[in-house]
Structures are given as structure tokens and as C-alpha cells.
Amino acid sequence: DGKKKFDKESEKYYSILEKHLNLSAKKKESHLQDADTQIDREHQNFYEASLEYVFKIQEVQEKKKFEFVEPLLAFLQGLFTFYHEGYELAQEFAPYKQQLQFNLQNTRNNFESTRQEVERLMQRMKSANQDYRPPSQWTMEGYLYVQEKRPLGFTWVKHYCTYDKGTKTFTMSIAETKSGGKVNGLVTSSPEIFKLKSCIRRKTDSIDKRFCFDIEVFERPGIITLQAFSESNRKLWLEAMDGKEPVRIFFHFFFLLQFDGTLFLNEAGFNFVRKCIHAVETRGITILGLYRIGGVNSKVQKLMNTIFSPKSPPDMDIDMELWDNKTITSGLKNYLRCLSEPLMTFKLHKDFIVAVKSDDQNYRVEAVHALVHKLPEKNREMLDILIKHLVK
């Protein structure tokens, strides 16, 4: 019965999941939210059915150890009692019988304790906010849909993928399907093995599918487009693969600020920030809307290209007569936006959000203080420079 329920919930969940993943990102937000709510509900039902099925299997396997041997032992005891010719055999069997009784009692005790422990674990897993992910030899593993070219367009094929961060090894194997479209979940084909070159999140407006990201590998030319099962699943893959955001474009009123490239917290970056802050504090500290009003995009772009050109020295000065305040402040903001990783880091982002949402002011201050000191040294140094400037 548990297996039938599990198979039914599996088929239902994968059917709805296929339908959910094929939804166009251009649908109304309310429609997408309803679809997300439905898939979460079906996922929970599938999750509970699978846990109960595994629990039942474990229970049956453990019961086998004593439910078969116990009646057999009782039969042998009756046989030896009522038949005199079995007396000598019974005497010979006595130490084995006693040892078997001890083993049976230990097995029964182990069954009860193990059953209680597994039941507690199942309840904890049911009440957990996120899926439990057991330890693995891989940094990340799971199913992904891979976009493949066909003569008449593109198709999405389900693969089981693994990634090892240390060696940057990415493998993917086609997951078989039964006839009729039912997912079998078996992976029998030999995996394709690649070495990862780069990973970039795919913008929703650039593709009709949701939860997509692109990777480049050394063994295959071009881009491989992958689709995760959900936004949270995509974030896990991007985090494991050191994924980057697509080139970002920012609007300030009618001014467009864009810098094509990734910047780092290096000597040139620290020099640029200090020079910008010096210029602002020297001549622009009382200007209204100093950081609110954006500079002219072409001037900001020219400033960034001048400072961060490969040929420019890391300690290059900013000509205060050439660059106005709005260009300098926009350049400073653009530098922070284009960092390879946010100043407060991806890793600590959720912890900062949880800390600042606390209603207890003392806890909030202590939590933020502790998180700031968990930042890498360069991030903390840059944050210190910015905060002191903002206080002024």
C-alpha cells in the first residue's frame, strides 16, 4: 500500500512538475504564483509519501529478523519436549538456543530503539523548511533539464548532473523515461564529463523558460543552457559553481549607467574609492542629492574606462577639474555594483537579512556586529571606509 501511494504521488508530482516547468515566464505573475503554490503542495505530498514508504520498508526489514525465527524456535522447543528421541539433540542444541534467545532479545530491543529514532528523524524531516540533503562526495548534484538543438528547434532533456568544486568537474547523464512519459529515474547512460569554464545566471527576459543558467566548458564550444527545478535550486547550483550575475544595467532617472566588466577589491579598487571619497568630502559634502542624482552615462563610462584600463597604474589620480561631483559619485556606486561578489558577500546575505529583521534592538546590533567580523578582511576594510564616509 505504501509503495502504491508512493508511485501514485511520484507520478502525480512529476506530471505536475513537467507542466510547471513548461509554463512560459511571460504568464501573469498571479498565474505563476498559483503554479508555484500548487507545485509546493504536490512536492510536500510526494515528500511525505516517500518518507512513509522508506519508513515502512525499514520496519518490514527489521521485523523479518525476529518474526520468522521466533515461531521456528517455539516449534523446535515443542519438538524437543514431546519426543524423547530428540533429547540428546536438544542437549546439543541448548547453548545455541540460549545464544539465539539472547540475539533475539537484542534484535527486538534494537528494532524498538531504531524504530523510535527513525520515526523522530522522519518527523524532523517533515517539519524542516528545506529538503534534507545528505552528505555527498559532490559539491552539488541533482536533476537538470539541458537545452539541446534539434532540426526543427530546441528540446529540453532531463539529465542527472554532478559538480565537484575542487576540480571544477561537471558531469551529466541522461535520465531514462518509461513509455507514456512516466519518469523512471534511472540513469544508465555513461556520463559526459566536462571541466567548467564559467557559469552565469540567465535573465528571464532572455529565454522563455524559468530558472535557467548558462555554463561554458573547455571540452565543448558554445554555451550549455541548463534549467533547474526552482529558484532555490538554481541558487544552490550557482553558489556551487561560483556563478555570476549577467551584465547589469542600472537606471537613475533618465541616465543609464553601465560598465562592461567585473571589478575586484584590489589595490586599484581601494585607490579609486579613496580618491572618490576625498573628492566628495573636499568639495561636495553640502551638495543636495549628492548620491541621489546620477551623472551623464558617457562621462561615467569614460571615468571607469580611464581608471580601470589594464594599462592604467593602480594608484592613478582622479583629476578633480576634469570630473564633476555627479560623475564621481556615480562612478563610486558603479564600482560597488560591478564587484565580482557583493561587499557583504553572497554567503552572509541571508544571515544579515535575518539579523536586521529582528525586533530586539540589542540582538540586532550584536548580530550585525558579529556578521561584520565574519566578512573577509578586504570586504571589512572597504566597508569601514564607506561607513565612515557616509557618517560624514
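In the predicted model, the axes of helix H7 (residues 297–307) and helix H8 (residues 325–337) come within 9 Å and cross at roughly 60 degrees. H7 and H8 are therefore oblique to each other, and the crossing in which H7 passes H8 is right-handed. On the H7 side, the residues that meet H8 are Lys299, Val300, Leu303 and Met304. Their counterparts in H8 are Thr327, Ile328, Ser330, Gly331, Asn334 and Tyr335. Sorted by class, this contact of H7 with H8 comprises five nonpolar, four polar and one charged residues.

The protein is divided into three parts, with domain 1 covering residues 1–90, domain 2 formed from 140–176 + 190–245, and domain 3 extending over 253–391. The centres of domain 2 and domain 3, taken over C-alpha atoms, are separated by 32 Å.

Strand pairing was examined next. Strands of a sheet pair through backbone hydrogen bonds, in either a parallel or an antiparallel arrangement. Here, six strands form a closed barrel in the order E1-E2-E3-E4-E5-E6, with antiparallel pairing. On average, neighbouring strands of this sheet are turned by 50 degrees against each other, direction ignored.

Strand E3 (residues 169–174) and strand E4 (residues 192–201) run antiparallel and are joined by four bridges. Threonine 171 is placed opposite isoleucine 193 in E4. E4 also pairs with strand E5 (residues 212–217), again in the antiparallel sense, over five bridges. Arginine 201 has phenylalanine 213, in E5, as its bridge partner. Strand E1 (residues 140–150) and strand E6 (residues 224–227) likewise run antiparallel, and two bridges join them. For tyrosine 145, the bridge partner is glutamine 227 in E6.

Helix H5 (residues 231–240) lies across E1, strand E2 (153–164), E3, E4 and E5. Relative to E1, H5 runs at about 95 degrees.

Two arrangements are thus described for the predicted model. In one, H7 and H8 cross at roughly 60 degrees, with residues including Leu303 in H7 and Tyr335 in H8 at their contact. In the other, antiparallel strands E1 to E6 make up a closed barrel, and H5 lies across E1, E2, E3, E4 and E5.

Terms used. Residues are numbered from 1 along each chain as its sequence is written. This is a predicted model: local features need pLDDT of at least 70, side-chain atom pairs count only at pLDDT 80 or more; totals for chains, interfaces and linings use all residues. Side-chain values use heavy atoms; hydrogens and water are left out. Axes are lines fitted to C-alpha atoms, for helices over the stretch in contact, and angles run from 0 to 180 degrees between N-to-C directions. Angles under 35 degrees count as roughly parallel, over 145 as roughly antiparallel, 65 to 115 as roughly perpendicular and the rest as oblique. A crossing is left-handed if the near helix is turned anticlockwise from the far one by less than a right angle, and right-handed if clockwise. Contact means heavy atoms within 4.5 Å. Ala, Val, Leu, Ile, Met, Phe, Trp, Tyr, Cys and Pro count as nonpolar, Asp, Glu, Lys and Arg as charged, and the others, Gly among them, as polar. Domain bounds come from an automatic or database domain assignment. Two strands pair if DSSP finds at least two bridges between them.
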